[in-house]
Amino acid sequence: MKIVRLSTYHAAPRWLFLKIETDEGVSGWGEPVIEGRARTVEAAVHELSDYLIGKDPSRINDLWQTLYRGGFYRGGAILMSAIAGIDQALWDIKGKVLGVPVYELLGGRVRDHMKTYRWVGGDRPADIIEQIRSYQALGFDTFKFNGTEELKLIDSPRNVDAAVAKVSAIREAFGNTIDFGIDFHGRVSVPMARVLLRELEPHNPLFVEEPVLPEQAEYYPRLADATSIPLAAGERMYSRFEFKSVLAGGGLSILQPDLSHAGGITECFKIAAMAEAYDVGFAPHCPLGPVALAACLQVDFVAHNAVLQEQSIGIHYNGDADLLDYVLNKEDFQCIDGNIAALPKPGLGVEIDEERLIEASRNPPAWRNPVWRHADGSVAEW
Ligand SMILES: [Mg+2]
């Protein structure tokens with residue numbers, strides 16, 4: 001079997017799909033994308049296709065190493081996302097050829113279902129309590145929301161108090177009937193993270209995500225020493241080699257690699273195993289589309305330390321399309337009491353509605369994250 005074609009499709013809300021076709025009619029799907037830079041990753045995918053056309057798709061490990069090591073310059077958001085989507089599609093092909101889900105090829109399931117959580121509140125949270133109540137009625141008991149809006153490097157206790165009051169109101173409304181993670185989203189500086197973590201600790205968040213930017217990763221152990229809240233990060237780290245230093249440095253309790261950014265299934269399977277050796281949980285980042293989620297689930301079902309799966313049903317980014325809009329086998333993604341069962345179909349377990357995707361790709365939006373500014377006009381972290 002040989003790879004004969006790579007085709008890419010942009011689609012709302014901000015996704016890029018990759019289809020890899022073979023000369024024997026079997027094809028696989030991937031989602032190689034960086035949110036807001038889809039065109040750049042797409043160009044990288046097509047540039048890398050030189051290494052793939054005419055090759056045997058079953059040799060995933062060799063192709064992965066070729067894409068990674070074959071370039072003298074490697075790593076980073078764009079190249080590792082391109083490799084990630086290609087890797088997902090190769091695993092999809094392999095599973096389909098052998099007639100089994102990818103988790104079977106990785107040694108078989110360690111769990112019966114995977115716990116997911118639900119995003120609430122969007123960028124500028126307002127009606128979080130009502131949203132949680134409505135999702136709680138659907139069976140969800142674990143949530144995530146943004147901790148703050150823009151925050152200055154040194155900010156007023158007034159803004160800290162507002163962030164803490166929101167969390168305290170949620171805890172007061174629901175007591176211990178729900179769990180929640182709080183995403184600092186890299187918006188918080190090291191000095192303000194110290195203050196916020198201290199003030200939030202009495203409200204028992206399940207974790208705080210990106211307490212500071214990954215560029216400040218050397219502060220993770222020092223922040224962790226100052227709080228009992230588990231710290232999580234990883235969506236902006238792209239390979240084992242980046243996770244190696246944060247694991248060795250300590251401080252993180254949960255790693256959140258993105259299966260569409262960190263080299264795909266091949267790489268994230270290894271990152272999960274590295275985390276397990278440090279007693280660190282694995283909770284893949286996934287505010288993306290259905291192929292990315294399917295890839296996450298394949299690894300969740302074989303990683304003993306997988307604790308939670310993000311998923312983007314109803315997420316605030318999904319204005320023009322929702323998670324399952326381009327999926328034929330929607331029933332397989334059913335969330336029952338917040339849990340998803342192992343996807344039963346071969347390969348990644350997602351059947352793409354190609355007609356609908358092609359139609360959507362005729363007029364795709366060019367999504368960009370907002371550029372926020374502080375009151376003085378300077379750029380703020382979003
Ligand atoms: Mg995040």
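Biologist: In which loop does Pro13 lie?

Modeller: This is a predicted model. Strand 1 covers 3-11 and strand 2 covers 15-22. Pro13 lies in the loop between strand 1 and strand 2.

Biologist: Is the peptide bond from Ala12 to Pro13 cis or trans?

Modeller: Most peptide bonds are trans. For the bond from Ala12 to Pro13, omega is near 5°. That bond is cis.

Biologist: Is Asn204 buried, partly exposed or exposed?

Modeller: Asn204 is in the loop between helix 7 (190-200) and strand 7 (207-209), and its phi, near 50°, is positive. A buried residue needs 20 or more other C-beta atoms within 10 Å, and an exposed one has 12 or fewer. Asn204 has 13 C-beta neighbours inside 10 Å, so it counts as partly exposed.

Biologist: And Asp337, buried or exposed?

Modeller: Asp337 is in the loop between strand 12 (335-336) and strand 13 (339-341). Its phi is also positive, near 50°. Because 11 other C-beta atoms lie within 10 Å, Asp337 is exposed.

Biologist: Leaving aside neighbours within four places in sequence, which residues is Leu252 in contact with?

Modeller: Neighbours within four places in sequence are left out here. The contacts of Leu252 are then Tyr220, Leu231, Ala232, Ala233, Val246 and Val280.

Methods:
Residues are numbered from 1 along each chain as its sequence is written. This is a predicted model: local features need pLDDT of at least 70, side-chain atom pairs count only at pLDDT 80 or more; totals for chains, interfaces and linings use all residues. Helices (H or I, at least four residues) and strands (E, at least two) are DSSP runs, numbered from the N terminus. Two residues are in contact if their C-beta atoms, placed from the backbone, lie within 7 Å.
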